[in-house]
Amino acid sequence: MKEIKLETKIRIYPLAEFPEEELRLMEAAIKATGQSYAPYSKFHVGAAALLEDGTIVTGSNQENAAYPSGLCAERVALFHAGHKYPDIAVVALAIAAATNGSQVESISPCGACRQVLLEAEQRYGKSMKVLLCGTKEVVVAESAESLLPLCFGAKDLKDD
């Protein structure tokens, strides 16, 4: 038998220590929660993607009475960025959520969104920093891949 230990490094910043250059991205994600359509869950999520050229593209979750037909904020932002700016890498993604009119303390992308983040990272061959924005602190992962150990990606679909 062989045992493998998987580790993920994250940094946790109190809001007062959060890097100034990333505050704009965090604020865009928080603002995007206000454009969410979440009449069923009442859980409003916003995402803001920072492109390599400095452009910020936002998205929010869009629910549907046929639950699987809705889409998470992360995917809305990344798919829009991929459509509108197909040749520009996403270098960071901030995610925030609110319920009952108040930002929640912590948020983390679902498994489907983690897979889409990974694919965006692989598409451009660059790490995408992920910022999980809370009310008191921001959790930062240096790459989407670090949020999805033993990931499945394009390399797994290639013919040998």
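Predicted model: local features only at pLDDT ≥ 70, side-chain atom pairs only at ≥ 80, totals over all residues.
Is Ser-60 buried or exposed? Its relative accessibility is 6%, so Ser-60 counts as buried. Its side chain takes part in two polar approaches that I would like to point out. A polar atom of the Ser-60 side chain lies 3.0 Å from the backbone oxygen of Gln-35. The side chain of Ser-60 also makes a polar contact of 2.9 Å with the side chain of Gln-62. Beyond its neighbours within four places in sequence, Ser-60 is in contact with several residues, including Ala-32, Ser-36, Gly-46, Ala-73 and Val-76.

Glu-63 sits in the loop between β3 (56-60) and α2 (73-84). Glu-63 has a relative accessible area of 17%, and because the cut-off for buried is under 20%, this residue is classed as buried. Which side chain does Glu-63 join through a polar contact of 2.3 Å? The partner is the side chain of Ser-41. Once neighbours within four places in sequence are set aside, the contacts of Glu-63 include Tyr-37, Ala-38, Pro-39, Tyr-40, Phe-43 and Gly-70. By contrast, Asp-53 is 10 residues from Glu-63 in sequence, yet the two C-alpha atoms are 31 Å apart in space.

Finally, the aromatic rings. The count comes to 2 aromatic pairs. One of them, Tyr-13 with Phe-18, is edge-to-face, at 5.7 Å centre to centre and 80° between the planes. Both Tyr-13 and Phe-18 are buried. Tyr-40 and Tyr-67 also form an edge-to-face pair, with 5.8 Å between centres and 70° between planes. Tyr-40 lies in the loop between α1 (20-32) and β2 (43-51), and Tyr-67 in the loop between β3 and α2, so this pair ties together parts 27 residues apart in sequence. Tyr-40 is partly exposed, with a relative accessible area of 39%, whereas Tyr-67, at 60%, counts as exposed. Thank you for your attention.

Key. Residues numbered from 1 in each chain as written. Heavy atoms only, no water. Helix = DSSP H or I, 4+ residues; strand = E, 2+ residues; numbered from the N terminus. Buried < 20%, exposed > 50% of the residue type's maximum accessible area, 1.4 Å probe, protein only. Contact = heavy atoms within 4.5 Å. Polar contact = N/O pair within 3.5 Å; in protein donor to acceptor, adjacent residues only side chain to side chain. Phe/Tyr/Trp six-rings, centres within 6.5 Å; stacked < 30°, edge-to-face > 60°.
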